[in-house]
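Let me put the thing up on the screen, and then I'll walk you through a few bits of it.

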2 protein chains.
Amino acid sequence: MSLVVQKYGGTSVADATCISNVARRVVETRKAGNDVVVVVSAMGQTTDDLIALATQVSSDPSGREMDMLLTAGERISMALLAMAIRDLGVEAASLTGSQAGILTDAAHGEARITAIRGDRVRQYLDEGLVVIVAGFQGVDPASKDVTTLGRGGSDATAVAMAAALGADVCEIYTDVDGVFTADPRLVGTARKLEAVSYEDMLELAGAGAGVLMARSVEFARRYGIPVHVRSSFHDGPGTWIKEEAMEQTVITGVAHDTSEAKVTVHGVPDQPGIAARLFGALAAESVNVDMIVQNVSTAGHTDISFTVPKEHLTKARGAAEALIPELGADGVDVDQAIAKVSLVGVGMRNHPGVAADMFKVLADHAINISMISTSAIRISCIIEADRCEEAVQSLHDYYLPEQAPV
Amino acid sequence: MSLVVQKYGGTSVADATCISNVARRVVETRKAGNDVVVVVSAMGQTTDDLIALATQVSSDPSGREMDMLLTAGERISMALLAMAIRDLGVEAASLTGSQAGILTDAAHGEARITAIRGDRVRQYLDEGLVVIVAGFQGVDPASKDVTTLGRGGSDATAVAMAAALGADVCEIYTDVDGVFTADPRLVGTARKLEAVSYEDMLELAGAGAGVLMARSVEFARRYGIPVHVRSSFHDGPGTWIKEEAMEQTVITGVAHDTSEAKVTVHGVPDQPGIAARLFGALAAESVNVDMIVQNVSTAGHTDISFTVPKEHLTKARGAAEALIPELGADGVDVDQAIAKVSLVGVGMRNHPGVAADMFKVLADHAINISMISTSAIRISCIIEADRCEEAVQSLHDYYLPEQAPV
């Protein structure tokens, strides 16, 4: 008998019909002889509706109370799912994050899981129940206050629960078929990957492949939990994320990300400590900085460029502009019309020249590169946003050409 | 400094505007120098909406999961209220029934409060917070499952919390101005009572006065908590429910109830044990029987009539009909077109003849009485439903005539 953790997102439980469909799939898994723990998100628009209510009663809702409010969402979906499963003749019980023993730190709205006390889940499994666990939520054991885990939180719940219980697999059900070599909406020849290594998936997640966030991949990697990302709309296999990928290609996929903006500080004196002061100020404002590039110095002055999520742009520009007198810089420019295209692949380690090839492909299409950043298994270039699709398509054609039919 | 427990029902927190209004009232009470605990119901239609969802996914929703589902309702309203109060500059925190230490038995959907561990509420009060507690819900300490308290549950939460904390007053905010001498929709001259004793209020609640259920009044009486039933729409005083009412009249009020139906078992052999068997069978089906009348025996046979809530009628009729062969009875009749009119007043104890006067008033209006039931401080008559308004009006005119203007 295997222990399977399944996670269903908000679109998979958007209404009563969807919930009944999920219930059937859970029951099939149970009847195939598996122990099943289901992690579930709030129904479709519930979270957005609750946030809208909060903004109507408060200009600056308390983090503690926002978490109390939002956790009502999973409470509704998990209870309905448990009812629907029982209606199919299989015993089931729902548990809140707190009841399931999901302990977190005190950071309301973006809490981190610190430990999982799985006793109650294990007891219910031993009694033969399917256990439904609320995703996205936990409890801070110090204050006993309910917390939420922030973006991608339900995936994190599922992977952490799988790790705590020693599950055989963590299945992430989603509205796409798996992890692709590029976004299939941009690249018609993009292929679903049968398997991808934890490392590649970490880089793909960081490079904008939205199917699974880096925090969950990192957790799965650390505890060696195989993750199966698959569609909730059909029974076909999706993509396995695990230690060793089966396909040993140089490049696993092409990712892109248009959610960032570029900030450039011009005419910065080329002196020690300038970058530390600038990025220290940004960190103090909780701005997430992704790529950083400093040009070579000309006549004792240089330009520093960096990218930030667009929703942090106002904070970032403000912090940079406030430093202009202190830094003795010329000014600050921002550019929101940028895209980041990335090549990811663990095989890159043993294949020098990937970066040079990438730059050549882009140059052949007259696509200008304004920033470059690399890791051992990833190369990212910032280009103009309106060239993004062409860049992804041409890189995919070059590195991952359509396979000849067998 | 006083400790005030305030309870707001679903219509008082129906939308964001209502919640902001409640927040203002809570803040006024706090700024007047009181410690404040607020018990809150789910917003307006939330509970009905959740029940509708449950019936879409299950033909017979599990009681445990139904309670998990419905408790999301107060979670939403209490978090929003806490945010709204903080927005007015007063510190506040919300607590679920479980977090507030409201322990119950395991009867999902109609749990009884068995104890309140008020430590966390007291700690928050000591820290200067307004504490918002979810009404209608608790936790069964044996299973650690969440429970709901059934009809009138939020009032019960408020009164029990007031008792546990030793509050100076429990204020029940509602959409009426207080307790009236009769339903003002039926009787234009009905007056709001300044005060009413626990005993009178218990009988009024049992006789159909819907403003507060008997379970909450009984709890208040047992622990000597003064209850102030008042309007959430204005600041005027409502009705105080307490040990000694100020007004010492014979009759406190006229109540009526059209929610019951009458069942008559005809031709029952007049033998010992028959009634025990009949009402034993009804109890086994969890039918709530209110009034019971057995006519005098004619030729060794008698009729037994009883009233039940209309929603229990199908069960009651079925149980009675199943017993016909065993009892040797002739048949079962039901009548849904009935009303119960009641006179209530602790003064009745010292005033013989109230019953006779009541029957005469009804006879003068040619209103037929089909069943009679009395306690020391209440007389109830079952009459035809379409004579209810006339009966209430004429009894009110006789016992509680319009007071002369001063």
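So, start with strands β1 and β2 of chain A: residues 3–8 and residues 35–40 run parallel and are joined by 6 bridges. Two strands pair if DSSP finds at least two bridges between them. As one example, A:L3 has A:D35 as its bridge partner in β2(A).

Quick word on what you're seeing: this is a predicted model, where local features need pLDDT of at least 70, side-chain atom pairs count only at pLDDT 80 or more, and totals for chains, interfaces and linings use all residues. Residues are numbered from 1 along each chain as its sequence is written, with chains lettered from A and ligands numbered from 1 in the order in which they are written.

Back to that sheet. In chain A it's open, with 8 strands in mixed pairing, and the order is β3-β6-β2-β1-β9-β11-β12-β10. At the edges you find β3 (92–95) and β10 (195–197) of chain A, each with a single partner strand, so one side of each has no neighbour in the sheet.

Now, how do the two chains meet? Counting a contact when C-beta atoms, placed from the backbone, lie within 7 Å, chain B puts in 31 residues and chain A 30. On chain B's side, α1 (16–31), α2 (46–57), α3 (63–87) and β3 (92–95) each supply at least two residues, and α3(B) gives the most, with 15.

What rotation puts chain B on chain A? It's 180°, with 0.1 Å of shift along the axis and an RMSD of 0.2 Å, superposing by least squares on C-alpha atoms of residues with pLDDT of at least 70 in both copies. That's the relation of a two-fold axis. And 97% of the interface residues of chain B are also interface residues in chain A, so the copies meet through the same surface.

Last stop is B:A72, in helix α3 of chain B. Of chain B's residues, B:A72 comes closest to the rotation axis, at 2.5 Å for its C-alpha. Buried or exposed, B:A72? Buried, because it has 23 C-beta neighbours inside 10 Å, and the cut-off for buried is 20 or more other C-beta atoms within 10 Å, with 12 or fewer being exposed and anything in between partly exposed. Leaving out residues up to four places away in sequence, B:A72 touches A:A72, A:R75, A:I76 and B:L50.

Notes: Contact = placed C-beta atoms within 7 Å. Helix = DSSP H or I, 4+ residues; strand = E, 2+ residues; numbered from the N terminus.
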